[in-house]
Amino acid sequence: MAQNAQHHNPRSISMSKSLMFFAISLILNAMGNVLTLVTASHIKPAFLGSAYWTAAEANLGQALLGNNSLVLFWAFLVLGMLISFLNALLMKKLDWHRIIGNFLFMLPFSIFIQWFSNIFNQIMPNANSVAATVLYTVINFIGVGLIAVAISIYQRVNLVLHPADDLMQILRFKYFHGSAFKAMWASYIPPTIFAIIAFLITFPNLYNFGLGTIFAFLFQGGITGIADKYVFKNLKHQAIDVGN
């Protein structure tokens, strides 16, 4: 499957178009993640939670490093790079260009995360009514949908990927015959392990998991598959390389 994918999927769009689509997807992804985080934190008592990878990495970071201002940066960076090397293992080759690309993805992504976080935290007050709670729940689900659409776009562009989404892409085309839904579920195995380790360390507390996390776990992969067909329909998967 990988060999066929590589042979029949050369890069068919210009670099300028690739960068445009990538920029759009990066913004949508950061915005979606921040919407899940802000809505979850502005409802008391907390029950929404954040997207699945976000919740798992944040939990393990806090369990290992404590709750300080740099915990998310180090958790996301270190765990992200661990996934890069897992990807290399699945591909049966150590591709340093790909690993550096994974790292480069995270730099502008974290800048956008901080920027959107500052904006949405200012314009979205705490939910103090049933109506506001329902609205924030809907916005949280929309955030998950934006993440899924963003994944669809930048996986098809395939310039550089977040390590977690690179993992999904490798699983999708190397092991699951192109199924985004199955690949997303399989790609959730590492963060589930992260969450279990965090839970064993911080028992009985488990943070950042909730209704929105369950929604993301169940539907994010399916939404990505739908977006492949209906969002930028003419954008095909570019230069797929999932190893031998």
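Predicted model: local features only at pLDDT ≥ 70, side-chain atom pairs only at ≥ 80, totals over all residues.
**Serine 50**

Begin by selecting serine 50, which sits in the loop between α2 (15–41) and α3 (52–65). The relative accessible area of serine 50 is 3%; because buried residues are those under 20%, serine 50 counts as buried. Next, display the residues that serine 50 touches, leaving aside those up to four places away in sequence: Thr36, Leu37, Ala55, Asn208, Gly212 and Thr213.

**The cavity**

A search of the whole structure finds one cavity of 30 Å³ or more, and the volume of the largest cavity is about 50 Å³. To locate the largest cavity, select its lining: Ser84, Asn87, Ala88, Met91, Lys93, Asp95, Arg98, Ile99, Asn102 and Asp166. Two or more lining residues are given by each of the elements α4 (71–91) and α5 (96–123). The largest share, four residues, belongs to α4. Colouring the lining by class will show four charged, three polar and three nonpolar residues.

**Helix α9**

Finally, select residues 189–202, which form helix α9. The 14 residues of α9 reach 20 Å from the first C-alpha to the last, close to the 20 Å expected at 1.5 Å a residue. Within α9, highlight Pro190, Pro191, Phe194, Ala195 and Ala198, which are buried. These residues lie on the same side of α9, because they cover an arc of only 140° around the axis.

How values were computed
Residues numbered from 1 in each chain as written. Heavy atoms only, no water. Buried < 20%, exposed > 50% of the residue type's maximum accessible area, 1.4 Å probe, protein only. Contact = heavy atoms within 4.5 Å. 1 Å grid on protein atoms, 1.4 Å probe; cavity = no way out; pocket = protein on both sides within 12 Å on 5 of 7 lines; lining within 4 Å. Points joined across faces, edges and corners; volume = space filled by probe spheres on them. Nonpolar A, V, L, I, M, F, W, Y, C, P; charged D, E, K, R; others polar. Expected span 1.5 Å × (residues − 1). Arc of directions from axis to C-beta.
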